[in-house]
Amino acid sequence: MHVSEEIRRRRRELDLSLEALAARSGVSRSMISKIERAEAVPSTVVLSRLAEALGVTFSRLMAPATDLEVLLIPARRQPVLRDEESGFLRRCLSPVLPGRGIDLVLNTLPPGAGTGEFTAHRRGVSEYIYVLRGRLRAVIGTRTVIAEAGDSLYFEADAGHAFSNVGTEACEYILVIDPSRVR
């Protein structure tokens, strides 16, 4: 599994022990160890915390980097993470290119499901959401907004944030994570 190898590689590249990464991410040492050995599949929230602690995007952990300037990513090769507990699907649409860090992700939440809380990003990371279908509740820090199909949302993502489907059908939304102001 690429995710396990990439987490281990990045951790070692930063010269972090399992304990140090656990302290940075809020993910237990034992869970990180299991993920690195491909004995556990991380939830989207856990993967988000690890990505933030390692200073990379979610997609960077899920797909190998490439040097190509023009790249077609067939649907069958787009990394997809499914949270078995909630049914939350996260499909990485953007290529992972060196020196570029914008994530374009298609998320699908079943009715009544939620993502769990994503950890705050570094200051300067922005997120954009466009709701394709359904009703999405976004909790960003202490603020809550409801977005409907066709609505878009922008926020500074340096506060914890969580999303849930408050509609009766699957909620599908495009998420863009932009860390470009951090660089």
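Student: Let's take A38. How exposed is A38, judged by its relative accessible area?
Tutor: Keep in mind that this is a predicted model. The idea is to look at the relative accessible area: under 20% is buried, over 50% is exposed, and anything in between is partly exposed. A38 has 44%, so it counts as partly exposed.

Student: Where does A38 sit?
Tutor: In the loop between helix 3 and helix 4. Check its backbone too: phi of A38 is positive, near 60°, and this residue isn't a glycine.

Student: On to helices. How do I check the length of helix 1 against what it should span?
Tutor: Take 1.5 Å a residue, counting one less than the number of residues. Helix 1 has 12 residues, so it should span 16 Å, and its end C-alpha atoms are 16 Å apart, which agrees.

Student: Which residues of helix 1 are buried?
Tutor: V3, S4, E6, I7, R10 and R11.

Student: What do the buried residues of helix 1 pack against?
Tutor: Helix 2, helix 3, helix 4 and helix 5 (58–62).

Student: How do helix 1 and helix 4 pack, in angle and axis distance?
Tutor: Their angle is about 30° and their axes are 10 Å apart. Angles under 35 degrees count as roughly parallel, so helix 1 is roughly parallel to helix 4. The contact is made by V3, I7, R10 and R11 of helix 1, together with L47, L50 and L54 of helix 4. As for handedness, helix 1 passes helix 4 in a left-handed crossing.

Student: And helix 3: which of its residues are buried?
Tutor: Helix 3 covers residues 29–36, and its buried ones are I32, S33, I35 and E36. Looking down the axis, they fall within an arc of 160°, so they line one face of helix 3. Those buried residues pack against helix 1 (2–13), helix 2 (18–25) and helix 4 (44–54).

How values were computed: Residues are numbered from 1 along each chain as its sequence is written. This is a predicted model: local features need pLDDT of at least 70, side-chain atom pairs count only at pLDDT 80 or more; totals for chains, interfaces and linings use all residues. Side-chain values use heavy atoms; hydrogens and water are left out. Buried means under 20% relative accessible area, exposed over 50%, partly exposed in between (1.4 Å probe, protein chains only). Helices (H or I, at least four residues) and strands (E, at least two) are DSSP runs, numbered from the N terminus. The arc is that of the directions from the helix axis to the C-beta atoms. Contact means heavy atoms within 4.5 Å. Axes are lines fitted to C-alpha atoms, for helices over the stretch in contact, and angles run from 0 to 180 degrees between N-to-C directions. Angles under 35 degrees count as roughly parallel, over 145 as roughly antiparallel, 65 to 115 as roughly perpendicular and the rest as oblique. A crossing is left-handed if the near helix is turned anticlockwise from the far one by less than a right angle, and right-handed if clockwise.
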